[in-house]
Amino acid sequence: MQLIECPWCGPREEVDFSYGGQAHVPYPENSLDLSDEQWAHYVFFRDNTKGAFRERWMHSAGCRRWFNAVRDTTTYRFLAVYALDEKAPVIP
Ligand SMILES: [Zn+2]
């Protein structure tokens, strides 16, 4: 088990957190004009990146606040955490 750094509470056990999917998925500007296929693509389709991946997480058993993280999908290790209104850190 690993510790995840909550931006507000500090490091906590990973079982305290909930996964929220891919981060930085913009809501479509013209959502009323989208076809069903385009809408389904927005709702259900996400990147399946190997390596550093930007994700949303919530400290569900703690402060219940959302934040973003960069996690290596090959090792499951968290590389960075940052607030929702911050820019994603550059991970080499
Ligand atoms: Zn927290």
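Biologist: Where does Q2 fall, buried or exposed?
Modeller: Buried means under 20% relative accessible area, exposed over 50%, and partly exposed in between, with a 1.4 Å probe and protein chains only. Q2 is found in the segment before β1. Its relative accessibility is 7%, so Q2 counts as buried.

Biologist: Before we go on, what sort of model is it?
Modeller: Residues are numbered from 1 along each chain as its sequence is written, and side-chain values use heavy atoms, with hydrogens and water left out. Local features need pLDDT of at least 70, side-chain atom pairs count only at pLDDT 80 or more, totals for chains, interfaces and linings use all residues, and the model itself is predicted.

Biologist: Back to Q2: which side chain does its own side chain make a polar contact with?
Modeller: Contact means heavy atoms within 4.5 Å, and Q2 touches R12, E13, E14, Y76, R77 and F78, not counting residues up to four places away in sequence. A polar contact needs a pair of N or O atoms within 3.5 Å; within protein, one must be able to donate a hydrogen and the other to accept it, and residues adjacent in sequence count only if both atoms are side-chain atoms. At 3.2 Å, the side-chain partner of Q2 is R77.

Biologist: On to the metal: which residues coordinate the zinc ion?
Modeller: Donors are N, O and S atoms within 2.8 Å of the metal (3.2 Å for Na, K and Ca), and water is not among the atoms, so sites may look incomplete. Along the chain, the donors of the zinc ion are spaced C-x2-C-x49-H-x3-C. At 2.1 to 2.4 Å, the coordinating residues are C6 (SG), C9 (SG), H59 (ND1) and C63 (SG).

Biologist: Why is the arrangement around the zinc ion given the geometry it has, and what is that geometry?
Modeller: Four donors count as tetrahedral if all angles lie between 85 and 135 degrees; four count as square planar and six as octahedral if opposite donors are over 155 degrees apart and all others between 65 and 115; anything else is irregular. The ideal angle for four tetrahedral donors is 109.5 degrees. Here the 4 donor atoms subtend angles of 104 to 117°, so the arrangement is tetrahedral.

Biologist: How does C9 score, buried, partly exposed or exposed?
Modeller: Another zinc donor, C6, has 1% relative accessibility and counts as buried. For C9 the relative accessible area is 28%, so C9 is partly exposed.

Biologist: Which residues make up the largest nonpolar core?
Modeller: A nonpolar core is a set of buried Ala, Val, Leu, Ile, Met, Phe, Trp, Tyr and Cys residues joined through side-chain atoms within 4.5 Å. The largest one has 7 residues in all: I4, C6, F17, W57, F67, A69 and F78.

Biologist: And which strands each supply at least two residues of this core?
Modeller: Strands (E, at least two residues) and helices (H or I, at least four) are DSSP runs, numbered from the N terminus. The strands that supply at least two core residues each are β1 (3-6) and β5 (66-72).

Biologist: How many salt bridges does the structure hold?
Modeller: A salt bridge is a side-chain nitrogen of Lys or Arg within 4 Å of a carboxyl oxygen of Asp or Glu. The side chains of E55 and R71 meet in one at 2.7 Å, N to O. The pair links distant parts of the chain, with E55 in strand β4 and R71 in strand β5, 16 residues apart. The total for the structure is 1.

Biologist: What is the relative accessible area of E55?
Modeller: E55 has a place in strand β4 (residues 52-58), and its side chain also makes a polar contact with the side chain of W57 at 2.9 Å. For E55 the relative accessible area is 0%.

Biologist: How far apart in space are L84 and C6, C-alpha to C-alpha?
Modeller: L84 lies in the segment after β6 (78-82) and is partly exposed, with a relative accessible area of 42%. L84 and C6 are 78 residues apart in sequence, and their distance in space is 12 Å.

Biologist: Backbone check: what is the phi of R64?
Modeller: R64 is found in the loop between β4 and β5, and at 52% relative accessibility R64 counts as exposed. R64 is not a glycine, yet its phi is positive, at about 60°.
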